[in-house]
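Reader: I would like to learn how to read sheets and helix packing from a model. Can we take them one feature at a time?

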Amino acid sequence: MTTDSMPIDVKENEPGERGMLAHNLGLLLILLLGWLLAFWPSFRDMAELWMRSGTFAHGMVVLPISAYLIWTRRGPLNAVAPQPAWSMLLPLVVAIVIWCAGVAFSIASVEHLAATAVLVLLVWLCVGHRFFRVIAFPMLFLFFMAPAGDFLVPTMMDYTAEFTVRALRLTGVPVFQEGHYFVVPNGRWSVVEACSGIRYLIASFMVGTLYAYLSYRSLIKRAMFIVVALLVPVIANWFRAYMIVLIGYLSNNELAVGVDHLIYGWVFFGVVIMVMFWIGNRWVDPDEVQQVHGWKGQTGTPRATVLLGVVVVVLLLAMTAWAGAMVRPTNSDLQLGMSPPALAEGWDVDPDTQVFRPDYHGFRGESGTVYRRDSDVVSLYVALYADQAPGHEMVAWSNQLRPERKTWRIVEEADDAMPVGQTNYARLIGPAGALNIWHWYRIGEHVEGNDYLATFRIALRRLSLGRDDGAHLVIAVPGDDKAEARKLAVAFLEENHGQIGHAIDAVFEAKD
């Protein structure tokens with residue numbers, strides 16, 4: 001393994017030769033501290049995610065690694081003088097605007113990625129193109145600080161489940177599949193979020209990128225190894241899931257269950273990564289040795305330009321901190337109440353039947369009612385959101401459809417066009433049997449089933465009307481016959497979605 005560090009031929013008695021290195025490192029430290037002051041709430045949010053999420057725990061070591069990589073470039077840094085790159089001012093302003101949007105609309109991934117981009121572009125603006133080229137990788141490596149990537153979890157769960165089932169069938173193991181759940185003759189298995197492989201993917205991507213930088217000089221080699229580092233953990237996770245189920249099946253569930261399940265998974269992943277690095281080590285490039293004689297007094301930045309740069313940076317950071325404080329949603333103690341909507345004739349409240357309540361969080365109010373007409377039963381759940389601040393977002397990964405993951409399982413999911421608009425369908429199996437569920441967002445008069453479109457609607461509503469209220473609606477119809485359940489749901493919505501919408505609007509109007 002090699003680095004881009006170069007031997008430094010600097011005489012101890014040459015005045016000013018070490019001063020440039022200290023000056024440059026000091027400048028980078030000052031810019032980092034200024035960024036921390038202006039973006040402290042965002043950095044604090046990232047740090048909290050590093051501490052509580054195993055998926056993003058790697059973020060804790062990114063800044064120290066970046067600092068070390070910059071230190072390994074101290075030879076070239078000793079021979080370069082900062083020259084502000086004013087062409088980077090516009091990209092910096094754009095990144096700040098995006099950050100403000102992420103803050104204002106409570107989109108954590110956008111806020112964190114944009115905050116990191118501001119740090120990178122701020123340094124680029126202040127030190128210039130030639131200087132930044134020396135530390136380009138350590139600076140870009142900082143993007144691994146931003147917790148992002150959890151949106152891949154559902155897709156990775158789908159592919160893991162499909163591969164596992166097909167591999168089991170190819171090896172002669174009889175298996176019955178229901179979505180992410182599958183049954184073999186002596187046990188029941190499921191692919192949950194922890195089995196998606198997202199942790200392996202992010203960890204491999206970060207470590208593989210670092211390895212490629214340290215080991216290869218060729219950009220093509222670096223790019224190829226990074227691609228391999230992305231593909232290997234995904235495929236390895238598929239085989240890991242398959243082997244765990246196979247071992248459990250062959251051992252009659254005496255092995256690869258409980259703690260063994262986790263141990264085998266991480267041991268397998270560790271072996272795969274070690275093999276990947278061992279193979280990659282065969283094509284390591286030799287050190288690129290360069291003699292650097294220190295800074296020889298090349299023309300520095302004029303004093304007027306330095307002062308202008310200081311003023312611009314201070315103003316930008318101060319205005320950014322002020323703008324962030326202004327647009328950041330403030331948490332409130334708002335509580336909303338909603339009575340059961342009065343529906344069309346024949347639909348009566350059934351107080352004796354349990355309402356299906358999904359595992360939603362952060363709502364300002366909720367309403368759950370079971371309606372019955374003759375033998376037809378429909379459960380209606382409404383979660384009300386307003387003044388959406390961190391922890392009170394309507395669109396959030398923490399909002400899960402299953403009330404309890406151990407007793408409920410999702411066996412089918414699909415998009416479904418219903419009388420209200422585009423919705424999401426899910427079939428759940430739980431203690432009470434099968435439930436057919438349709439859920440969607442209502443933002444103003446608009447209905448959205450897609451999380452990203454719903455987030456966009458909320459942002460647009462905030463910008464145009466200065467409000468962000470909305471509702472997450474869920475109807476549940478029991479029964480094993482999906483077609484009959486859908487027929488009942490369609491009839492229920494055709495007759496009642498207007499009354500339900502009016503009841504929701506009345507709650508938000510009363511709030512105003």
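Reader: In what order do the three strands of the open sheet come?

Author: Some ground rules precede the answer. This is a predicted model, in which local features need pLDDT of at least 70 and side-chain atom pairs count only at pLDDT 80 or more, while totals for chains, interfaces and linings use all residues. Residues are numbered from 1 along each chain as its sequence is written, and side-chain values use heavy atoms, with hydrogens and water left out. Strands (E, at least two residues) and helices (H or I, at least four) are DSSP runs, numbered from the N terminus. Two strands pair if DSSP finds at least two bridges between them. Here the order is β1-β2-β3, and the pairing is antiparallel. β1 and β3 are the edge strands, each pairing on one side only. From one strand to the next, the twist averages 20 degrees.

Reader: How many bridges pair β1 with β2?

Author: Three bridges, in the antiparallel sense, pair β1 (residues 176-178) with β2 (residues 181-184). F176 has V183 in β2 as its bridge partner. Two residues lie between the strands of this hairpin, and G179 takes a positive phi near 65 degrees there.

Reader: Which helix lies across β1 and β2?

Author: Read the angle first. Axes are lines fitted to C-alpha atoms, for helices over the stretch in contact, and angles run from 0 to 180 degrees between N-to-C directions. Helix α9 (residues 153-170) lies across β1 and β2, running at about 170 degrees to β1.

Reader: At what angle does α9 pack on α11?

Author: The angle is about 50 degrees, with the axes 9 Å apart. Angles under 35 degrees count as roughly parallel, over 145 as roughly antiparallel, 65 to 115 as roughly perpendicular and the rest as oblique. α9 and α11 are therefore oblique to each other.

Reader: Which residues of α9 and α11 meet?

Author: Contact means heavy atoms within 4.5 Å. From α9 the list is M156, Y159, T160, F163, T164, A167 and L168; these meet V234, N237, W238, F239, A241, Y242, V245 and L246 in α11. By class, the contact of α9 with α11 has 12 nonpolar, three polar and no charged residues. Ala, Val, Leu, Ile, Met, Phe, Trp, Tyr, Cys and Pro count as nonpolar, Asp, Glu, Lys and Arg as charged, and the others, Gly among them, as polar.

Reader: How do α10 and α11 cross?

Author: The axes of α10 (residues 198-215) and α11 (residues 219-250) come within 8 Å and cross at roughly 155 degrees. The two helices are therefore roughly antiparallel to each other. Their crossing is right-handed. The contact residues divide into 12 nonpolar, four polar and two charged. Among those that meet are Y200, F205 and G208 in α10 and R222, P233 and R240 in α11. V234 and N237 of α11 meet α10, and these two residues also meet α9.

Reader: What about α3 against α10?

Author: The axes of α3 (residues 59-72) and α10 come within 13 Å and cross at roughly 5 degrees. α3 and α10 are therefore roughly parallel to each other. V61, V62, I65 and L69 of α3 make the contact with M206, L210, Y213 and L214 of α10. By class, this contact has eight nonpolar, no polar and no charged residues.

Reader: Which strands does β5 pair with?

Author: β5 (residues 365-373) pairs with β4 (residues 348-349) over two bridges, in the antiparallel sense. D348 stands opposite R372 in β5. Nine bridges join β5 to β6 (residues 376-385), also antiparallel. The bridge partner of R373 in β6 is D376. The hairpin of β5 and β6 has two residues between the strands, and D374 takes a positive phi near 55 degrees.

Reader: Where does pLDDT stay under 50?

Author: pLDDT is the predictor's confidence in each residue, from 0 to 100. It stays under 50 over residues 1-18. Where pLDDT is low, the predicted coordinates should not be read in detail. For the protein, the mean pLDDT is 85, and 90% of residues reach 70 or more.

How values were computed
A crossing is left-handed if the near helix is turned anticlockwise from the far one by less than a right angle, and right-handed if clockwise.
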